[in-house]
Amino acid sequence: MSETEALDTHLQELRRGTVVLACLRLLREPGYGYGLLEDLQARGFDTDANTLYPLLRRLEKQGHLTSEWNTDEARPRKFYRTSPAGLRLAEALTDDFRALAEAIATLPKED
């Protein structure tokens, strides 16, 4: 495995959990999949639809998101929103993420 491939693999692992947290926080206001995908990418969370849609379904199944269909427009859209359990999870993950970032900041820097 090349250094570039190794870096890509580790970055993907690192980002996976941050996308969960970002979705839970962004969906405090209702949003649909494609709009959320654009919002994530605009904020620096590099993800794609093949990752996002299964994640949304999993979070809904776990009770962290709720959803409802909006059929007012020509194309029906499923809107997601963070549930109360999801809000609690987002708060806990945010606290843990901050603690990890602070711990990483104490590690020796490269020369």
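Predicted model: local features only at pLDDT ≥ 70, side-chain atom pairs only at ≥ 80, totals over all residues.
**Entry 1: α1 and α2**

I looked up how helix α1 (residues 3-26) sits against helix α2 (residues 33-42). Two packed helices are described by the angle between their axes and the distance between the axes. Here the axes come within 11 Å and cross at roughly 115°. I noted the crossing of α1 past α2 as right-handed.

Next I asked which residues of α1 and α2 meet. From α1 I listed V19, A22, C23 and L26, and from α2 I listed L36, D39 and L40. Sorted by class, this contact has six nonpolar residues, one charged residue and no polar ones.

**Entry 2: T94**

I found T94 in helix α4 (residues 84-105). Is T94 buried or exposed? Its relative accessible area is 8%, and buried means under 20%, so T94 counts as buried.

Leaving out residues up to four places away in sequence, I found that T94 touches L21 and R25. A polar atom of the T94 side chain lies 2.7 Å from the backbone oxygen of A90. I also checked T94 against L11, which is 83 residues apart from T94 along the chain; their C-alpha atoms are separated by 19 Å.

**Entry 3: the aromatic pair**

I searched the whole structure for aromatic pairs and found one. The pair is Y32 with F79, edge-to-face, with 5.5 Å centre to centre and 65° between the planes. Y32 lies in strand β1 (residues 31-32) and F79 in strand β3 (residues 77-82), so the pair ties together parts that are 47 residues apart in sequence.

Last, I looked up the exposure of Y32: with a relative accessible area of 22%, Y32 is partly exposed.

Note on methods. Residues numbered from 1 in each chain as written. Heavy atoms only, no water. Axes fitted to C-alpha atoms, helices over the stretch in contact; angles between N-to-C directions. Helix = DSSP H or I, 4+ residues; strand = E, 2+ residues; numbered from the N terminus. Left-handed = near helix turned anticlockwise from the far one by under 90°. Contact = heavy atoms within 4.5 Å. Nonpolar A, V, L, I, M, F, W, Y, C, P; charged D, E, K, R; others polar. Buried < 20%, exposed > 50% of the residue type's maximum accessible area, 1.4 Å probe, protein only. Polar contact = N/O pair within 3.5 Å; in protein donor to acceptor, adjacent residues only side chain to side chain. Phe/Tyr/Trp six-rings, centres within 6.5 Å; stacked < 30°, edge-to-face > 60°.
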